[in-house]
Amino acid sequence: FFFGYCLLLCLRLGVGTSCAMTPPIVNEYLTKCKEHNIKKPNKEVIDQLEEAQGFEELESLDLSRNYVGNKGMLAIMEVIAKCKNFSTLVVGQHNAELSSDNEFVDKIMQVAAAHPSMTSIDFMGNPVTAYGAKKLLDLARENEQILYLHLDDDELDQKLKIRIREALEANLHKMWAQDAEDSGEAAEGVKFVSFHVPDVKSDDSANLLQKPDTADSAKGRRRTGISAELMRGADSEEHTPVYVEKSHAVKDQIRPILLKNPLFNHLAKSELKTFLEVMFPNTWEAGTEIMQVGTPGKNFYMITKGAVDIIKEGNVVAVKKESEVFGELELMYNTNAVATVKAQGEVETWAISRKDYQYLMMDEMVNRRKTYTEILSRIPITQHLSSYEKLQIADALDTATFEPGQKVISQGEQGDVMYMILEGSVDIRRTTEDGEVADLGGRGVGEYFGEFEFLFNVPRFCDVIAKDHLRAAFIKKKDFELSMGPTMDILKRNAAVYRFYVSEDGSPADRNKA
């Protein structure tokens with residue numbers, strides 16, 4: 001059957017009963033299909049390979065409308081391994097379920113990790129478990145060419161998404177530094193804006209990212225993945241955000257919408273206030289195209305009145321209404337608009353420009369990392385780590401806020417979280433066995449608590465209570481170990497610190513010391 005099918009393919013390719021003139025890349029695919037016992041090689045894959053003609057010419061494969069199955073992916077990846085200029089793979093739904101330990105996942109990761117030019121893989125429509133996400137994290141760390149991984153599994157641990165995002169960001173930074181070096185520019189002084197793993201739902205057509213352009217020259221091929229935009233020191237000095245005066249009522253309307261958006265919900269109150277101040281208003285008449293597909297996305301928009309249609313290929317695929325936003329992905333990734341946005345009736349929006357967003361977010365990121373690494377340098381279990389390792393931990397931290405009198409941790413509860421105080425202060429108290437409450441002092445900005453229980457997963461030694469409005473950075477043990485490895489291995493790097501926390505028999509030391 002296989003050879004009969006191949007014969008029909010040869011006839012379709014116009015080479016009679018011989019495959020001698022079939023492009024070598026097609027022959028390679030047919031051979032791999034045979035090796036993997038695929039009786040019917042995929043016609044659409046063959047069409048794309050035929051169009052490319054050769055191994056060096058194949059730059060991308062789009063399987064988004066084509067089911068090839070797990071075995072089909074094995075054959076395709078083995079072909080891609082021989083295409084030295086390949087950059088972009090759109091996997092397509094259910095072609096690579098990253099949900100368990102299997103040879104199909106391993107083959108994708110193996111080829112991608114070793115590939116010299118692959119920059120982007122789109123896994124939209126494929127379930128991803130923690131197993132698959134860890135594989136993707138390893139991939140992003142092993143191959144510095146990988147800049148773009150598109151996932152859409154809402155069940156995936158957010159921390160894993162953040163780890164992947166930071167690995168991609170590190171690759172992007174290295175690419176920019178290398179480009180600056182290649183062009184003779186000094187890499188020193190280059191500032192960066194965060195690169196994020198897109199977090200959109202597979203059925204949200206209005207938010208689908210534009211597929212990377214594969215028509216670039218070979219020299220520029222590394223940039224085909226979607227990337228954040230570079231802002232050099234000189235650019236940041238020349239750009240001055242314009243602050244727009246707003247009434248308290250307008251601020252109260254805008255603030256909760258910003259707080260619901262992933263671009264802004266991690267910011268401190270003071271940082272959020274700055275973003276809010278630079279937003280500017282627009283009023284759009286009915287039928288106005290606020291964004292046009294294919295044009296640069298310059299602004300992030302928030303709808304405060306009316307509704308807009310999201311249009312792709314002439315069809316309305318979504319409607320955005322009051323309190324909803326659009327333009328965020330174009331803002332983040334410096335891409336052209338992937339859809340046209342048209343006002344249904346009169347529409348009022350507040351917007352922030354890409355330059356303002358980048359300028360402010362860059363400052364926020366730099367300041368946040370600086371603050372976090374300074375505190376990590378004072379914590380015994382992390383102070384001896386390298387600057388890069390501290391940055392890894394800094395990027396893994398989350399933040400939480402607590403009202404005055406609210407317990408941050410409770411005596412006796414199981415503890416696996418360490419905290420660092422960013423704003424406010426805490427009181428520390430311990431209740432003795434006879435019921436007496438002992439005041440153990442407090443902690444303030446730049447100090448930390450909970451590291452003893454964080455190390456050993458033992459019950460909390462005391463209560464820690466917010467004295468005033470408190471904002472703290474925190475990290476869970478499992479997230480720390482995801483970035484750095486087992487905590488005990490980290491602790492053993494510094495003998496003095498290890499002896500402080502661990503008794504000679506290997507058990508936790510007297511926690512009164514900590």
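These are my notebook entries on a predicted model.

**Entry: Ile-80**

I started with Ile-80. I found Ile-80 in helix α4, which covers residues 69-80. Is Ile-80 buried or exposed? Its relative accessible area is 0%. The cut-off for buried is under 20%, so I logged Ile-80 as buried.

Next I looked up its contacts, leaving out residues up to four places away in sequence. Ile-80 touches Leu-61, Phe-86, Leu-89, Val-111, His-115 and Met-118. I also checked Tyr-29. Tyr-29 and Ile-80 are 51 residues apart in sequence. Their C-alpha atoms are 9.6 Å apart in space.

**Entry: the nonpolar cores**

Which residues touch the most other members of the largest nonpolar core? I noted Tyr-29, Leu-89, Phe-123 and Leu-149. This core has 48 residues. I then listed the elements that give two or more residues to this core: α2 (24-35), α3 (43-52), α4, α5 (103-114), α6 (130-142) and α7 (158-182). I wrote a general reminder beside this. In soluble globular proteins, nonpolar side chains tend to be buried together.

Another core, of 23 residues, lies apart from the largest one. Its members include Leu-385, Ala-394, Leu-422 and Leu-455.

**Entry: helix α13**

I turned to helix α13, residues 387-396. How many of its 10 residues are buried? I noted 7, and the helix is mostly covered. Ala-394 is one of the buried residues of α13.

**Entry: strand β9**

I moved to strand β9, residues 299-305.

I looked up its pairing. β9 pairs antiparallel with β14 (residues 347-353) over 6 bridges. Met-302 has Trp-350 in β14 as its bridge partner. β9 also pairs antiparallel with β12 (residues 325-326), over 2 bridges. There, Tyr-301 stands opposite Phe-326.

**Entry: strand β13**

Last, I checked β13, residues 340-343. β8 (residues 289-291) runs antiparallel to β13, and 2 bridges join them. Met-291 has Val-341 in β13 as its bridge partner. β10 (residues 308-312) also runs antiparallel to β13, with 4 bridges. Val-308 stands opposite Ala-343 in β13.

Note on methods:
Residues numbered from 1 in each chain as written. Predicted model: local features only at pLDDT ≥ 70, side-chain atom pairs only at ≥ 80, totals over all residues. Heavy atoms only, no water. Buried < 20%, exposed > 50% of the residue type's maximum accessible area, 1.4 Å probe, protein only. Contact = heavy atoms within 4.5 Å. Pairing = 2+ DSSP bridges. Core = buried A, V, L, I, M, F, W, Y, C linked by side-chain atoms within 4.5 Å.
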